[in-house]
Amino acid sequence: RNRSLEEYAARPAVTADGTRVELAANIGSAAEAENAVRQGADGVGLFRTEFLFMNAQAMPGEEEQFRAYREAARSMGGRSVIIRTMDIGGDKELPYLQLPKEMNPFLGYRAIRIGLDRQELLRTQLRAVLRASAFGTVKVMFPMISGLQEWRQAKAILTEVQAELSQDGVSYDKNMEVGIMVEIPSTAVLAEMFASEVDFFSIGTNDLVQYTVAADRMNEHVAHLYDYFHPAVLHLIHRVIEASHAVGKWTGMCGSMAGDPLAAPLLLGLGLDEWSLEASRLGGMKERLASLDRQECRELAKRILCLDTPQAVRQALEEFLNTQG
Ligand code: PEP
Ligand code: MG
């Protein structure tokens, strides 16, 4: 008999051949974590912490941040929570930070670029994240990494903050995983070089697409060019997953492609390890995954990597799904 979406939500995500798939939720506040669990999330794949900052009149201090991250960690009851450091800039403003007016905000002062420039902000946030790591399974990731130097700088700051906490006798998870978002093509191209240094990758397709095809994600006039099924984007995704697996690391995806049931057979076939999507989509995605055979999807992905337009990719996916029982 057919299961309802609620029934799917309550079960783990398993493919038709019995492969267990990790399905996590994107959240914008600690309060959303509880709902994510209710909707059947295996964890939080992306905690967008910038909303904590955007909903305030002044920069939230360490204590306030700590309480929010701890609440998320506790709500998830041991399931993993990936906290992304502040991704301000681009389309996200923060009046009290007085960011510069820029010609191209998406190519400008944004995310980790701000964190590495105004390090007191990043240090405070990392202290709060580390302290929260004592209350659950917390992982941290840096947004908008464009090269190894930035990653190493961010990692070095984290190491310094860890040493400070140890010195102060504050407890934190010494084995906390540290990863990066792959949302800039330069980082996807160098994935092999990153892979030996990071614990994991999380692909942010929302930005990766706009930077790969040079089409602003907010601009309706170029919306027809903005497509995560663009073959160039698919090759980058493939590259990142392969690079991580080659050295025993894992790759997740937290951009909106991860929430699209049409993309599921392709991503499964490419070997994606973790999907992070809006909590309301979890049930539908589990239903889709339950109909898929991993080996068939691998063969499909191989064929799709040879296609040359987004339209051809969509068509191949639709045809594949039409032949599924
Ligand atoms: C992304 O770029 O895909 C992503 C998940 O980050 P955001 O949408 O917050 O930029
Ligand atoms: Mg992004």
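Helix α10 gives the most residues to the shell around ligand 1, namely 3. Helices here are DSSP runs of H or I with at least four residues, strands are runs of E with at least two, and both are numbered from the N terminus. The structure is a predicted model, in which local features need pLDDT of at least 70, side-chain atom pairs count only at pLDDT 80 or more, and totals for chains, interfaces and linings use all residues. Residues are numbered from 1 along each chain as its sequence is written, while chains are lettered from A and ligands numbered from 1 in the order in which they are written.

So much for the bookkeeping; now the shell itself. Ligand 1 is surrounded by Leu 46, Arg 48, Asp 87, Glu 183, Gly 204, Thr 205, Asn 206, Asp 207, Cys 254 and Gly 255, where being near the ligand takes a C-beta atom, placed from the backbone, within 6 Å of it. Two or more residues each come from β3 (43-48) and α10 (205-213). Sorted by class, the shell has 2 nonpolar, 4 polar and 4 charged residues. In this scheme Ala, Val, Leu, Ile, Met, Phe, Trp, Tyr, Cys and Pro are nonpolar, Asp, Glu, Lys and Arg are charged, and the others, Gly among them, are polar.

Next come two residues picked out by a record. An unreviewed UniProt entry has a "binding site" annotation that covers Glu 183 and Asp 207. UniProt positions follow the numbering used here, feature names are shortened, and annotations may be inferred rather than shown by experiment.

Glu 183 sits in the loop between β6 (178-182) and α8 (185-189), whereas Asp 207 belongs to helix α10. Glu 183 counts as buried because it has 26 C-beta neighbours inside 10 Å; the cut-off is 20 or more other C-beta atoms within 10 Å of a residue's own, with 12 or fewer for exposed, partly exposed in between, and C-beta atoms placed from the backbone. Asp 207 is buried too, with 23 such neighbours. Leaving aside residues up to four places away in sequence, Glu 183 touches Met 144, Gly 204, Asp 207 and Leu 208, a contact being two C-beta atoms, placed from the backbone, within 7 Å.

Thr 205 is also in helix α10, and with 24 C-beta neighbours inside 10 Å it counts as buried. Beyond four places in sequence, Thr 205 touches Tyr 228, Met 253, Gly 255, Ser 256 and Met 257.
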